[in-house]
Every structure is written in structure tokens, then in C-alpha cells.
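Here are my notes on the model, written as numbered points. Have it open on your screen as you read.

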Amino acid sequence: MPPTPLLGPQRLPLLAITVLVFALVVAAGAHGWRLGALAGVGVLFGVSLFHASFGFASGYRRLFVHGDGRGVLAQIVLLVLLTLLFAPILLSGAAKGAVAPVALQAAVGATLFGVGMQLGSGCACGTLYAIGGGSGVMLFTLISFSAGSFLATLTPGPWRALPRLEPVSLLERWGWGGALLRLAVLGLLALALNRWQRPRHNRAIAALPRFSWRTLLVGPWSLAGGALALALLSGLTLLLAARPWGVTWGFTLWAAKLAHQLGWDPSGSVIWQQERFATALQAGLFEDITSVMNLGIVLGAAAAAAAAGRLSFRSPPSTNAVAAALLGGLLMGYGAWLSFGCNVGAYLAGIASTSLHGWLWIGFALLGTAFGVRLRSRFGLPD
């Protein structure tokens, strides 16, 4: 792959985005310094995701279609770093991990999510940073993702009747022993994947961009560098928010707030009658941690794109691409709610918290990915 040409920063857009970032931090900070700090962390997440092009959906697709496991290997590196960062914080009681039941509904949801992220050409955080970079088609993914997750909150009955086991956290059961076991499993997976993938990709792993201060500011970053940045920011989020980084809840809340404004009555919903959901629905947008961080990711990615001279609006390539984005977003949104989170809240945070549901999620998400990759050609989407 030829190196990315070095372009000058787009000064006027960068100035405008900087003003918006400042406004976001101030608006969130009005509800407490932690929210203001988390808004800033969200911005740094956006910068990191954009400069490293750290995509989950694309990483799985390259593995399935081209035998290129570099993207998935970077995810394993990220999981190792997260486990090392999360374990002392969670064991100290300073925060709670992402621990959820091992449930049949989660298996169904993760499968739907896997299909959806291939049709939508992005995951939860990928949707946000792609929008920040100027992708028009991902706006449709975001809209249907939000609608799908909100719809799932209105139909909880049938899924709750399905079999489930109680949540299991190896860290809670065995302490550091559970974390070390998780690290050993991740290490074995990394070795197996590195041996399996095609030799040309093994050689390409060494061809990473060299570090420089210019690269730090305008990119591109290596996948390993992106994994390190995401791990450090996730650890900071855990300390500030007392819970792991999440994305999907923000989409669900945005759709619910819009529906409420349009006349929807939450009193008829089993989910939205619960105190914590009802409180979030009535509270301001800048009082919600996930919403603030999601907005930060969009602005951070936009700032990174402008700094690199690559910020531009790209209209959807075709009607079929819009249809795929709408269907993919709907499946991701509905699936994320069923599976107790997305690739961030269930997969990354779940495995880093040594919760068994994180492994269930990725297993069935990969199953959905295999099916979703085949469906892409029906919509004229590239491999």
C-alpha cells in the first residue's frame, strides 16, 4: 500500500471543530468535572480511532475474505492491555466491570450484530468516527442503529423467557488468577492466528509507520499504536466513570428522547419505567456519560481528519449502499441491546472484565460476520 500523502491542515474547519470541542467540554463540565473530563477523553478516542483506522468490522472482514489477521491481532493486543489495566482497578473496588449473563438472547443478539456490522460497514464506535471523518452513508447507519436499539427496549418480553445463566466473572471468583488465565488464552489465540494467516500478511506486519511528532498529530498510526492509545483511554474512562467505555446506550437514549418529543409515552414500557432509564430520559443530554463521549468521538475524528487535511463530506456511493447501511444499523442496534452491548461494551469491556459473556459475544458475532460478508455482494459492497 502506498504511503498516505502528507497534506496541510485544514485550518478553518480545524478552528471551528476546536470551538465545538471546547463547547462540549464546558457543557458537560457544567454537570461535574468528571463529565467534562470524559468529554475530552471521548475526543481523544475519536482522534485515536481515526488516525489508526481501528475498525472492528473491517478487521473481521479482512480475516474472512483475505486471510489477513492483522486487524484481529491488534484487537487481541488491545484486550491484553485492557485486562492488565482493568484488573487492579476492578479488584480495588474503584469501579465495576462489564459483567452480564451468559444468555441465549445474547447469542442471538451478537449474531445479528455480526451480520449488521458487515452490511453497515462499521461497528458502534466505527460508525461515530466515520461520521466525524465525513462519511455520509454512516449517518444512515447511525439513524437505524439508534432506532433498532430503541425498538429492542420496547420488546423485551419474548427474549427474557429464553434460557440464561448467572453472570460469571473470573476476576471476581479467582482474583488475579482469573486475569492470568484470560491473558494466557489471549496469548494462545494470538500465536495461533499469527501462524494461520497468510505469509504475505506476516511480512506486512513489520511495515508499520515510524513514530514522529508529526505522525502523532496527523497520522497515520499503526494498529499497535492505536491499540495502546485505546487501552490507555479505556483505563482512564474506567477510573473517571467507574465503569467501562460504552457506546450503544447513547444511541438508544437519543432515539428514546426523540420518540418522547414526538409523543411516545414511556409509561407503557417495562424498560423505560425503571428508575435509571426514566431518570436518563428526563435528564439533559450533557448529563449522560455515554452521549457526551459519543459526541466527543465524532468531534475528535473530525479534528483528526482536518489536522491531516482529509476532512471532506463523502456522499453515499449508491442507493444499495444506503439500503445496506439502514438494514445493517437496524440489526446492530437490536442485536446490541439483546447481547448486553456492542463490540465495545460487551466484547472489549466484557473480556477485559473477565466476564464469560464477552467470549459468547465474539463467538456468535463472528458467526454473524461470516453470513454478513456473503450478503455484502448482494448490495454491491466491496470486500
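1. Let's start with a loop. Ser 315 sits in the loop between α16 and α17; helices here are DSSP runs (H or I, at least four residues), numbered from the N terminus. With 52% relative accessibility, Ser 315 counts as exposed. The cut-offs are under 20% relative accessible area for buried and over 50% for exposed, with partly exposed in between (1.4 Å probe, protein chains only). From the C-alpha of Ser 315 to that of Ala 370 is 28 Å, and the two residues are 55 apart along the chain.

2. A word on ground rules. This is a predicted model, in which local features need pLDDT of at least 70 and side-chain atom pairs count only at pLDDT 80 or more, while totals for chains, interfaces and linings use all residues. Residues are numbered from 1 along each chain as its sequence is written, and side-chain values use heavy atoms, with hydrogens and water left out.

3. Back to that loop, between α16 (289–307) and α17 (319–338): Phe 313 lies there too. Phe 313 is exposed, at 60% relative accessibility. Together with Leu 139, Phe 140 and Leu 326, Phe 313 makes a nonpolar surface patch of about 370 Å² accessible area. Patches take residues with over 30% relative accessible area and no salt bridge; like charges are joined within 9 Å, nonpolar side chains (Val, Leu, Ile, Met, Phe, Trp, Tyr) within 5 Å. The areas come from the Shrake-Rupley method with a 1.4 Å probe, and for residues only the protein chains shown count as cover.

4. Now for the inside. The largest nonpolar core has 81 residues, and those touching the most other members are Phe 54, Phe 56, Leu 78, Trp 245, Val 247 and Tyr 347. Helix α4 (residues 70–92) is the top contributor to this core, with 11 residues. A separate second core has 12 residues, among them Leu 35, Val 292, Leu 299 and Ala 303. A core here is a set of buried Ala, Val, Leu, Ile, Met, Phe, Trp, Tyr and Cys residues joined through side-chain atoms within 4.5 Å.

5. What does Thr 369 touch, leaving aside neighbours within four places in sequence? Its contacts (heavy atoms within 4.5 Å) are Tyr 60, Phe 64, Gly 114, Val 115, Met 117 and Gln 118. Thr 369 belongs to helix α19 (residues 356–376) and is buried, at 0% relative accessibility.

6. Have a look at the aromatics: the whole structure has 16 pairs. Rings of Phe, Tyr and Trp (its six-membered ring) pair if their centres lie within 6.5 Å; planes under 30 degrees apart are stacked, over 60 edge-to-face, the rest tilted. Phe 145 and Phe 251 are edge-to-face because their planes are at 75°, with centres 4.8 Å apart. This pair links helix α7 (residues 137–153) to helix α14 (residues 248–261), 106 residues apart, and both Phe 145 and Phe 251 are buried. Trp 249 and Trp 272 are stacked, 5.8 Å centre to centre with 25° between planes. Trp 249 is partly exposed at 22%, whereas Trp 272 is buried at 2%.

7. How many salt bridges does a search of the whole structure find? There is 1, with a side-chain nitrogen of Lys or Arg within 4 Å of a carboxyl oxygen of Asp or Glu as the criterion. Arg 70 and Asp 68 form a salt bridge at 2.6 Å, N to O. Arg 70 is partly exposed at 28% relative accessible area, while Asp 68 is buried at 4%.

Conventions. Helix = DSSP H or I, 4+ residues; strand = E, 2+ residues; numbered from the N terminus.
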